[in-house]
Amino acid sequence: MKNIVFEHVVKAYGKNVIVKDLNMEIKEGERLILLGPSGCGKSTTLRMIAGLEELTEGNLYMDGRLVNHVACGNRDVSMVFQNYALFPHMTVRNNIIYGLKAHKMNPEEIEKRLSEVLGMLELKGLEERKPKDLSGGQRQRVALARAVVKRAGYFLLDEPLSNLDAQLRLRARKELVNIHSMYRPTMVYVTHDQIEAMTVGERIALMHEGKMEMLDTPSNVYSRPATVFCARFIGSPSMNIVEANYNSGVMSIGKQSVRLPEMWCRIADKNVSGRLYAGVRPEHVILLREKEEYAIEGTVRYVEDYGNRYGVYVHVEGDRNELIAIRDSDIPQPGEKIYIKVAFDKLHLFDRESEESLGYPDEIKKEREEYVYPD
């Protein structure tokens, strides 16, 4: 099996620990995204898979084999780097097939693979150009072609699209998914871009300060975040997180209170201190002009125009919290009194000390788990 298993892996440079006790299995043939902010350890994790970084502690298995001390060239990996890493003195053709020639592959097979990848990535006609004569998007496709043509069991990509403009990124994401669908290598893709993670990945490993925060499908990372960090990192604008206190079925935000339904009381009762964070995504905030049950009062402070929708910033009366709501019509204006309501199936509760999710009621979990995720 072309899987990858991290077993209590630590990577440190002196006293600076970059990756902390990482335990994870990347399944054979899947597209796994290593996602997180700069400095979280995601690129270091990828480089340990490639054999470019040694482990400080723990074990790394690939295809059931311990590879802690196996050289990069003996791991059956192909890699795409952020800066392309093309040979400037070589043509596109020679950049792509260099590795195949180094391994003394049959010339006929080399030509067959070259022709196939040139067509796949729309590079025909550019074979005799050198990297300096190519655009950034073309150089990126050459770097992808060089990795794809190898047909390795492991396909590793370190922020491969970060130097492309928005339109090229969109196109390149589709190309990557198509390439993976054709050959089904075990693909590990590093990015800090949540859009890339959500659209390319079959699973997302979200990292923060060297630790694994969550490992799940894109849908679950978005709809059932494991921690406050996950909730805030995924989504644009990010999830609203407000301090709340809970006691005997009532949740208080500032000087205002809302009675929780029974299904959420069972969850909130797990928190003995009653000190919570309540979360709701901006698109799930309901704005009302008339007071209703379960609604709290606020004042509109600011409105952002996104073109096809608006972000309405609302200050919660009696508290320092400010929420953002997404609206596409009937936009309230700054200074206007408004009422905020949340559908309870869109609520998230977190422990304020650990910042971990308290979980979700069975009624909500069942509804969200009806979606069938790809294998």
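Mentor: What follows goes from the cavities and their linings to the aromatic pairs.

This is a predicted model, in which local features need pLDDT of at least 70 and side-chain atom pairs count only at pLDDT 80 or more, while totals for chains, interfaces and linings use all residues. Residues are numbered from 1 along each chain as its sequence is written, and side-chain values use heavy atoms, with hydrogens and water left out.

Searching the whole structure gives 3 cavities of 30 Å³ or more, a cavity being a set of points on a 1 Å grid over the protein atoms alone where a 1.4 Å probe fits but cannot get out. The largest cavity holds about 230 Å³ of space, the volume being that filled by probe spheres set on the points. Its lining, meaning residues with an atom within 4 Å of a point, consists of 18 residues, and those nearest the centre are Met251, Ile253, Ile296, Val342 and Leu347. Strands β11 (240-247), β12 (250-253), β14 (275-280) and β19 (337-342) each contribute at least two residues to this lining, where strands are DSSP E runs of at least two residues and helices H or I runs of at least four. By residue class, the lining of the largest cavity comprises 15 nonpolar, 2 polar and 1 charged.

The second largest cavity, with a volume of about 80 Å³, is lined by Ser78, Ala147, Val148, Arg151, Ala152, Phe155, Ile179, Tyr183 and Pro185. Two or more of these lining residues come from each of α4 (136-148) and α5 (166-183). In this second lining, 7 residues are nonpolar, 1 is polar and 1 is charged.

Turning to the rings, there are 5 aromatic pairs, counted when ring centres lie within 6.5 Å, with planes under 30 degrees apart called stacked, over 60 edge-to-face and the rest tilted. Phe229 and Phe233 make a stacked pair, at 5.4 Å centre to centre with 25° between the planes; both lie in helix α8 (residues 228-233), 4 residues apart, about one turn of the helix. Phe229 and Phe233 are both buried, that is, under 20% relative accessible area with a 1.4 Å probe. Trp264 is buried at a relative accessible area of 0%, and Tyr360 counts as buried at 7%.

Terms used
On a 1 Å grid over the protein atoms alone, a cavity is a set of points where a 1.4 Å probe fits but cannot get out, and a pocket is an open set with protein on both sides within 12 Å along at least five of seven lines; lining residues have an atom within 4 Å of a point. Ala, Val, Leu, Ile, Met, Phe, Trp, Tyr, Cys and Pro count as nonpolar, Asp, Glu, Lys and Arg as charged, and the others, Gly among them, as polar. Rings of Phe, Tyr and Trp (its six-membered ring) pair if their centres lie within 6.5 Å; planes under 30 degrees apart count as stacked, over 60 as edge-to-face and the rest as tilted. Buried means under 20% relative accessible area, exposed over 50%, partly exposed in between (1.4 Å probe, protein chains only).
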